[in-house]
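Thanks for coming. I will go through one model today, and I will keep to what can be read from the coordinates.

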Amino acid sequence: MKLRPWSLVGALTALTVVVPALGLAPPDEGGATTPPTKPAPTAATQRAADAPLALARHTAANGLEVVVFENHAVPLVTIEIAFRNGAMTEPPNFSGVSHLYEHMFFKANAKYPSQEAYMARANALGIVFNGTTGTERVNYFFTTTSEHLDDAMEFMRDAITSPTFDPGELDRERKVVIGEMDRAESSPFFLFSRELDERLWYKHPSRKDSLGSRKTVGSATVQMLRTIQQRYYVPNNGLLVVTGDVKAQSIFDQVDRLYADWKRGPDPFQKFPLIEHPPLKKTEVVVMENERVPAFVGQLSWHGPSLRAEELGATYAADGFATVLAEASSPFQQRLVESGHCLQASFGWYTQRNVGPINLSFAAAPNKAEACTKAIMAELGRMTAPDYVSRKNLVDAAHRLKIDKVKERERPSEYAHLLTFWWASADIDYYRTYVEKVGAVQPKDVADFMQTYVTDKPFVLGALITPEMKAAGITEEKVRSWAGLGGDS
Amino acid sequence: MPEAPPDPEPVVDGDLTVGSINGIDVMVKQVEAELGTMQLYVRGGARFRTAENAGLDSLSVRAAVTGGTQKLDKDDFDKELFELGTEVGATALNAYSMFYAKALRKNMARSFELLADVFLRPALPAKELELQRARLLTQIKSLTSSPDGQLAEQSRRLFYAGHPYEHAASGTELTVSRFTREDLVEHMASLQNTSRLAIVVVGPVDYATVAGWVKTHFGAVPRGSYEPSALPVVSHETPQLRTTTLQIPTNFVESSFSTPGWQDDDFAASILALRLLRNRLFDEVRTRRSLSYAPTARHVWTSEVTRGALYVSAIKVNETMKVMVDEVEKLKTELVGEVELRGAKSVFITSTLMSNESTDGQASFIAMCALVGGDHRLRHELPERIKAVTSEQVRAFARKYMTNMQTIVVGSAEVDPSVFPSK
């Protein structure tokens, strides 16, 4: 699952940062790890209706997957296209270029000769649009009234298949992206999460850094964008989702017609497999100071499972477990938060194709930093016990997730983003059967998950404090000591 | 004690049924959906806020929805919500406080009962008060953790100085630190007059059913005599510029100005003008000049006292603001072309529909039209008024309102006051 947003220190979720292009408007060498699960090439189209989730699915002849979610409550349509791209595909010399590419999507293409022309067309069609770049997905989405469906479908096709990458526009957009970095780096939470990421993904930090490097973005060339386009912007590495006031069959017919000339490409993950993030060799502690931090903020991070066949069971166990712990009435919340030790505590695994992080995040009033940290570590000790959660807890968690899924479908324009997220890091079938699989998790599965990824495994412990907290004695030595890692007791 | 007048017959307005039960305005929109949203509004909001009590409404509603009820203690309350799959929450805003429940169709009746109990019979245990107090204090501190937060907070204080909106709903560290449980109990009791209440339900349920719930759970609540008073209009005679030095990689700027209220003839023009300006700032500042990632024109039009603003983060503050001010001047002096105007109207319609996709979005929009705008029919009429806006009306709005901007800069730039908007 996606990590639950942290209301108190929401910026901490920058650890799982997704970078928007418009915000208010953002590859090559590799080691060897299991490539993403890919749909088998198919000459004929396959169509299937997914009744429980009301998802209609289709695969075009060129390999482009299509999912339609019909909802006729309001006369709106959302068209979203996503690619398995982003930080996971970026070696250091491409760090941030997927994000820069995403910005260039909203510019000149074969049909619209400039960004001004592109924007004018979007405006004329009443389109609300944006794009985001994450670690494993880049997505672009348009929402407009259903009367503009056909034009918007063409507009998306033109943007996705024929970007011009005008050098002048690229030059200007590099500066815009650098401006986006300036904003991000003005946040203490962004700097904190980046610091933790550099330790957690120590060998390949660029593969988890969606925003990327100033140096690389500042010198990116049109040729680099073309490399990304040719490698990852191929139909057989993409998913088109259309939600809202539409008819599935009509969408499938349009896709077959509009994208008929878009040629299938080589599977990018065959030639350029995902790199392998080596396990942490030792536990590390990092304490960062920033005068603008509202509370003592802490986080423990481990390497979690990847979305691959041999770890699927662990992914369901992780999510079932995290859902149990999120409930206000859970012993986890009772002992950590209701006890008054911590202001907030959460545990979760981030759904990722290539090693999702497991995070135990917490915050405390400065005078309770010690009590909270010690309570967290004590709870962590309990969490590894085989009977920490019951079967009933897990069934209830699946019930909660089932209701969450109902809520997700209420907003078709946002539901499209969820579908592409799950597709990129897992696949649609994983999403379809997700609640059922979580509902089948047994306490032993949770214990195995903890044993495999957390118990006695090295981790990164981060703490974010103010200079005043440091002056009051909250030092790295103290934090180590509270966590039972030696230091000044 | 005189007998209460009988409830009037409900009125049907398209898909919305509007009635009054024991003095509570009840609005029900029946839709086919798996989930239903039930919202309880308490009028007043910032009207009753002072430098001494700011934050009381926030802390009260938080502790009320998280602390259990007099019938179910916190633990049992949380467990039942979990089993029902119901979400209950509350928020304190400038126009009102709002308690809500979102529930599966089959659990709406019980969820409404729990919602009523949260409002009428909150347990407010001392332990929960302390937890929520600690969280609210951290939230207040977090306002200054990001430059955007600092900008927003300082901009609000500067623009609304002397106005009830000057006091943040979240309060201050000083006020929130000293509220007692008795303060919260008293405050919650003061809200329990039906003349202050409105209930909006959107979901798979009809008016008669909701009316039955309201009679059962709110039938004995006293009516009280709440009469909403008009809030003062915000007006600035001169421009102001204030800078907060912060060592960060860029600078954050916001220049605020008054905009018309819901009852004003140029309200629709203001919405459209700010959308047009947003597009133009994006084109001129970001696309053509690469001066910023985030130039925009903001418009807070969903509250009783509205506000517009130029917003940007940029290293070259003076150069960037000059471009933005030039765009404002163009809006004041040139007529917007028909194509551009039509496009902005289309995007407004799309945005409005997007905010109405969910049952809670629909309920909030109905409530905003009824409670802030003064008439639930605005949910139909506002889009029509937007469609009718002319280029001349946009220019007239810009000339009348986009003056005497109140500017905050957060960052380390050397700011030249002459480039900032003046009369």
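How many residues does the hairpin that joins β5(B) to β6(B) run through? The answer is three residues. Bear in mind throughout that this is a predicted model.

Strand β5 of chain B covers residues 87-92, and strand β6 of chain B covers residues 96-104. The two strands pair in the antiparallel sense, with six bridges between them. To give one position, B:Glu87 has B:Lys102 in β6(B) as its bridge partner.

Now chain B as a whole. Its secondary structure comes to 14 helices and twelve strands. Along the principal axes, the C-alpha atoms of chain B fill a box of roughly 65 × 45 × 40 Å. Chain B has a radius of gyration of 23 Å, which agrees with a compact globule, because a globule with 423 residues would have a value near 22 Å.

Next, the interface. About 5,100 Å² is buried between chain B and chain A, and carbon and sulfur atoms give 60% of that area. On the chain B side, B:Phe82, B:Tyr293 and B:Glu357 lose the most area to chain A; together they make up 17% of what that side buries. In terms of residues, the contact takes 62 from chain B and 59 from chain A.

What about polar pairing across the interface? Between chain B and chain A there are 22 residue pairs in polar contact, with both residues at pLDDT 80 or more. Several elements of chain B give two or more residues to the side that touches chain A, among them α2 (74-84), α4 (126-142), α9 (267-288) and β11 (307-314). Sorted by class, the side of chain B that touches chain A has 22 nonpolar, 21 polar and 19 charged residues.

On to salt bridges. Side chains of opposite charge can pair when their charged atoms come close. Over all chains the count comes to 64 salt bridges, and between chain B and chain A it is eight. As an example, B:Glu34 forms a salt bridge with A:Arg409, with the closest N and O atoms 3.4 Å apart.

Chain A also has a salt bridge between the side chains of A:Glu284 and A:Arg199, at 3.3 Å from N to O. A:Glu284 lies in strand β9 of chain A and A:Arg199 in helix α5 of chain A, so this pair ties together parts that are 85 residues apart in sequence.

Helix α5 of chain A, residues 188-200, also holds A:Arg194. Leaving out residues up to four places away in sequence, A:Arg194 touches A:Glu185, A:Asp209, A:Leu211 and A:Gly212. A:Asp209 is 15 residues from A:Arg194 along the chain, and their C-alpha atoms are separated by 7.9 Å.

That is the end of my walk-through.

Note on methods:
Residues numbered from 1 in each chain as written. Chains lettered and ligands numbered in written order. Predicted model: local features only at pLDDT ≥ 70, side-chain atom pairs only at ≥ 80, totals over all residues. Heavy atoms only, no water. Pairing = 2+ DSSP bridges. Helix = DSSP H or I, 4+ residues; strand = E, 2+ residues; numbered from the N terminus. Contact = heavy atoms within 4.5 Å. Buried area = accessible area lost by both parts, 1.4 Å probe. Salt bridge = Lys/Arg side-chain N within 4 Å of Asp/Glu carboxyl O. Polar contact = N/O pair within 3.5 Å; in protein donor to acceptor, adjacent residues only side chain to side chain. Nonpolar A, V, L, I, M, F, W, Y, C, P; charged D, E, K, R; others polar. Rg over C-alpha atoms; globule rule 2.2 N^0.38 Å.
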